[in-house]
Every structure is written in C-alpha cells, then in structure tokens.
Amino acid sequence: MGSYKKYEKRKRNPDPKTSALLVIDVQNYFSSMAHPILPNLLQTIQLCRRASIPVIFTRHSHTDADGGMLAEWWNGDLIMDGTAEAELMPELEKLPEDMVVGKNTYSAFRNTRLEEQLREMGVEEVIVTGVMTNLCCETTAREAFVRGFRVFFSTDATATSDLELHEATLKNLAYGFAYFVDCKRLREGLFGNQ
C-alpha cells in the first residue's frame, strides 16, 4: 500500500471488459529499479490475465539516429536497440500473444500505433505499471488521459530512482489524471472476495 492514500482524490475499479494492462519498460537496463517491485508486478500481470485483461509491454530503445532530446538530456546514455539492456526482463513471463510496443521516448503513444491498437481492441481504460514512475509511466498515463482513456496507476507495481520522485508523481496523477490501484485493490476490484 504505502502513503499514496494521502494523495488519493477519488476511487474506482477498472472494468476488465474494457481495460488493458500496460507494463512500461521493464527491461534489463532498469533491472535494479524493477527488481524490488517485481513480485507486485508479476501479481498484477497474473490478476489481469485471470480477468482476461490484455497485457501490453513497452520496450524503450534507440538507434544511433533517433536519440534527439533524450540523448542530450541523458548525456548520450541511451538504451540501444539490439543490446541485452534493451530486452524485456526474462522474469516477466511474457506470453507469445502479448503485444510489445517499441518506443524511443517517454510516452508509449508518441510515434507508435498504441492508441489505434487499443481502440481496435475496444479498450477504454489502461492500468499503468512499470518503470520509471516519474518519466515513462507518468508521461504515458498523462497522455492516455488526454487521449480519452480512463487511467489506473499502480502504486506498488511502479518504481523509479527515488521515493520523492515516486511520491511527486502519485500526488500529481491523483490530482488530475488517474485512479490508484495496488495489488490488493486490483484483486478486490476484479474478483471481490474470491
């Protein structure tokens, strides 16, 4: 759970008939950040699979030509396509039918077909998990909201480099963009007391 409740403005449960789970950038490059949340992330993935909610992974990487502002901002320290760092962490138990969206910026919507794919699937709500809370997860959540998707943001299956950044994102998203879920609330919302 955690301190997110102090930021929470409103509550709602995802509708499994119109939801998709987004697992943002859980790649080898971010493994030290992702390992602490891995049990909660795997539980979230399992709950969504059990509720027949599609699971969509994103994978952030760059070619030599597409670094742009991120290359400048991070002093050239980018995740290069084709490297081991760019691969999804093997612990994720990705299934062959799971979609993987390649991206090269913070948003999973920018220069991808994610919105079109979600609409084709009848998705109206997204559940956001992964790393980094304050960069790719937050940017994707905000952009999903402005594109008309209801956003659920996981408080215990997202992570970043420090707690203050994580908390700042939760405070911002609760104010104007997202409902919060954690493993317990997601399980109760999807399955009641089963």
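This is a predicted model: local features need pLDDT of at least 70, side-chain atom pairs count only at pLDDT 80 or more; totals for chains, interfaces and linings use all residues.
Asp25 is buried, because its relative accessible area is 0% and burial is set at under 20%. The side chain of Asp25 makes a polar contact of 2.7 Å with the side chain of Thr58. When neighbours within four places in sequence are set aside, the contacts of Asp25 include Phe30, Arg59, His60, Lys103, Val131 and Cys136, as well as Thr58.

Gln27 lies in the loop between S1 and H1, and Gln27 is likewise buried, with a relative accessible area of 0%. A polar atom of the Gln27 side chain lies 2.8 Å from the backbone nitrogen of His60. Not counting residues up to four places away in sequence, Gln27 touches Thr58, Arg59 and His60, then Ile79, and also Glu85, Ala86, Glu87, Leu88 and Met89. Gln27 and Pro90, although 63 residues apart in sequence, have C-alpha atoms 8.6 Å apart in space.

## Nonpolar cores

The largest nonpolar core is made of 34 residues, and those with the most contacts inside it are Leu21, Val23, Leu41, Ile45, Leu92, Ile127 and Val131. At least two residues of this core come from each of the strands S1 (19-24), S2 (55-60), S4 (125-131), S5 (150-159) and S6 (179-181), and from each of the helices H1 (31-34), H2 (38-50) and H7 (183-191). H2 supplies the largest share, with six residues.

Val23, leaving aside its neighbours within four places in sequence, is in contact with Leu41 and Ile45, with Val55, Ile56, Phe57 and Thr58, and with Thr129.

## Thr129 in strand S4

Thr129, a residue of strand S4, is buried, with a relative accessible area of 0%. The side chain of Thr129 reaches the backbone oxygen of Leu22 at 2.9 Å. Beyond its neighbours within four places in sequence, Thr129 is in contact with Leu21, Leu22, Val23 and Ile24, with Leu41 and Thr44, and with Cys137, Ser154, Ala157 and Thr158.

## The largest pocket

The largest pocket holds about 280 Å³ of space. Its lining consists of 17 residues, of which Tyr29, Phe30, Trp74, Ile79 and Met132 are the closest to the centre of the pocket. H1 and helix H5 (133-146) are the elements that give two or more residues to this lining. By class, the lining comprises twelve nonpolar, three polar and two charged residues.

## Backbone geometry

Most residues other than glycine have a negative phi, and most peptide bonds are trans. Asp25, although not a glycine, has a positive phi of about 55°. Ser52 is also not a glycine and has a positive phi, of about 60°; Ser52 is found in the loop between H2 and S2.

Which is Ser52, buried or exposed? Ser52 is exposed, because its relative accessible area of 61% is over the 50% that exposure requires. A cis peptide bond, with omega about -15°, joins Val131 and Met132, and Met132 has its place in the loop between S4 and H5.

Definitions and conventions. Residues are numbered from 1 along each chain as its sequence is written. Side-chain values use heavy atoms; hydrogens and water are left out. A nonpolar core is a set of buried Ala, Val, Leu, Ile, Met, Phe, Trp, Tyr and Cys residues joined through side-chain atoms within 4.5 Å. Buried means under 20% relative accessible area, exposed over 50%, partly exposed in between (1.4 Å probe, protein chains only). Helices (H or I, at least four residues) and strands (E, at least two) are DSSP runs, numbered from the N terminus. Contact means heavy atoms within 4.5 Å. On a 1 Å grid over the protein atoms alone, a cavity is a set of points where a 1.4 Å probe fits but cannot get out, and a pocket is an open set with protein on both sides within 12 Å along at least five of seven lines; lining residues have an atom within 4 Å of a point. Grid points are joined across faces, edges and corners, and a volume is the space filled by probe spheres set on the points. Ala, Val, Leu, Ile, Met, Phe, Trp, Tyr, Cys and Pro count as nonpolar, Asp, Glu, Lys and Arg as charged, and the others, Gly among them, as polar. A polar contact is a pair of N or O atoms within 3.5 Å; within protein, one must be able to donate a hydrogen and the other to accept it, and residues adjacent in sequence count only if both atoms are side-chain atoms.
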